[in-house]
Amino acid sequence: MEGTTAKDKVQNELYESFHIRNGLRQEGALACVLFNIALGKMIRDANINQRGNIFYKSVQILAYADDIDIISRTPKSLQEATIALDRAARRMGLEIKQAKSKYTIYGTKKKHAENVFKVKHMTFERVNSFVYLGTLITTDINTSAEINNRITVDNRSYFGLVNIIKVKNINRKYKVIIYKTIIKPILMYGAETWVLSKADVLRLGVFERKILRRIYGPICEGQHGDQDIMKNCIVCMMRLTW
């Protein structure tokens with residue numbers, strides 16, 4: 001985009017044009033591709049181990065697009081890895097944003113750790129939880145906190161669609177499709193890593209039944225070979241869930 005000009009637009013008012021010396025158009029499809037290529041080279045140049053798991057090495061890096069997580073056994077190896085990553089980033093014209101970067105500690109030593117982690121010119125705030133690739137990770141590996149977070153996020157999706165689900169002239173079959181394709185995947189995101197307690201299972205069941213009652217109503221007309229009217233039809237729920 002070298003040599004091009006652009007203008008800022010606020011509502012219907014255009015401001016004076018300005019020159020663009022480098023970079024790409026905001027939200028352009030090519031920008032994401034080139035950024036991922038540059039980020040991939042930066043991580044390779046940093047020479048931080050990406051394979052296996054932390055049980056067999058002192059430091060490891062996890063990276064997906066711009067979500068980068070450095071895992072280390074000791075503060076020293078964490079400092080060295082951060083410096084190597086920062087050096088490689090600057091060669092690519094990138095910079096680690098300290099305000100969005102956090103650090104946390106797992107294990108028995110976390111009570112005596114400092115509230116900030118300093119690496120040369122950078123200072124990182126210590127937190128008890130952070131979100132990585134959409135999953136809430138806590139210092140005590142509390143799955144219940146992640147489940148509560150997923151229910152909260154899914155509630156927003158549900159209430160955004162509740163007017164459609166409440167409409168009586170829409171067939172239940174299509175409401176079930178909406179539930180299975182839009183609402184349920186948000187709730188179950190990352191479920192493969194959960195270690196569930198009985199309370200967690202109960203909480204997930206309560207949330208699901210709330211939506212099923214909204215779809216099927218408090219009374220379900222028998223559709224399973226008899227004409228009896230059944231309240232809270234378990235057959236409908238099982239058919240929908242499984």
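In this predicted model, the side chains of Lys 184 and Glu 208 meet in a salt bridge, with 4.0 Å from N to O. Lys 184 belongs to helix α4 (residues 172-187) and Glu 208 to helix α5 (residues 198-216), so this pair ties together parts that are 24 residues apart in sequence. The average pLDDT of the protein is 80, and 82% of the residues score at least 70.

**Salt bridges**

- The count of salt bridges comes to six, and the bridge between Lys 184 and Glu 208 is one of them.
- Lys 184 is partly exposed, because its relative accessible area is 22% and the buried class ends under 20%.
- Glu 208, at 15% relative accessibility, counts as buried.
- Asp 86 and Arg 90 form another salt bridge, in which the closest N and O atoms are 3.2 Å apart.
- Both Asp 86 and Arg 90 are in helix α2 (residues 75-91), where four residues, or about one turn of the helix, separate them.
- Asp 86 is buried with a relative accessible area of 7%, while Arg 90 is partly exposed with 42%.
- A salt bridge also joins the side chains of Arg 150 and Glu 146, at 3.6 Å from N to O.
- Helix α3 (residues 143-166) holds both Arg 150 and Glu 146, which are four residues apart, about one turn of the helix.
- Arg 150 and Glu 146 are both buried.

**Aromatic pairs**

- There are two aromatic pairs in the count.
- Tyr 103 and Phe 117 make a tilted pair, with 5.3 Å from centre to centre and 35° between the planes.
- Tyr 103 lies in strand β7 (residues 102-103) and Phe 117 in strand β8 (residues 116-119), so the pair ties together parts that are 14 residues apart in sequence.
- Tyr 103 is buried with a relative accessible area of 10%, and Phe 117 is buried with a relative accessible area of 10%.
- The ring centres of Tyr 158 and Phe 159 are 5.1 Å apart and their planes stand at 55°, so this pair is tilted as well.
- Tyr 158 counts as buried at 2% relative accessibility, whereas Phe 159 counts as exposed at 51%.

- Strands β5 (residues 59-64) and β6 (residues 67-72) run antiparallel and are joined by six bridges.
- Val 59 stands opposite Ser 72, a residue of β6.
- Two residues lie between β5 and β6 in this hairpin, and Ala 65 in the turn has a positive phi of about 55°.

- With a relative accessible area of 7%, Thr 82 is buried.
- Leaving aside residues up to four places away in sequence, Thr 82 touches Ile 70, Ile 96, Val 119, Met 122 and Phe 124.
- Among these contacts of Thr 82, Ile 70 falls in strand β6 (residues 67-72) and Val 119 in strand β8 (residues 116-119).

- Thr 135 has its place in strand β11 (residues 135-138).
- Thr 135 counts as buried, because its relative accessibility is 18% and the limit for that class is under 20%.
- Apart from residues up to four places away in sequence, Thr 135 touches Phe 130, Glu 146 and Tyr 189.
- Glu 146, a contact of Thr 135, is the residue that forms the salt bridge with Arg 150.
- Asn 149 is also found in helix α3 and counts as partly exposed at 26% relative accessibility.
- The C-alpha atoms of Asn 149 and Thr 135 are separated by 8.7 Å, and the two residues are 14 residues apart along the chain.

- Over residues 222-242 the pLDDT stays under 50.
- For residues 222-242 the model has 33 contacts beyond four places in sequence.
- Where pLDDT is low, the predicted coordinates should not be read in detail.

Terms used: Residues numbered from 1 in each chain as written. Heavy atoms only, no water. Buried < 20%, exposed > 50% of the residue type's maximum accessible area, 1.4 Å probe, protein only. Contact = heavy atoms within 4.5 Å. Pairing = 2+ DSSP bridges. pLDDT = per-residue confidence, 0-100. Phe/Tyr/Trp six-rings, centres within 6.5 Å; stacked < 30°, edge-to-face > 60°.
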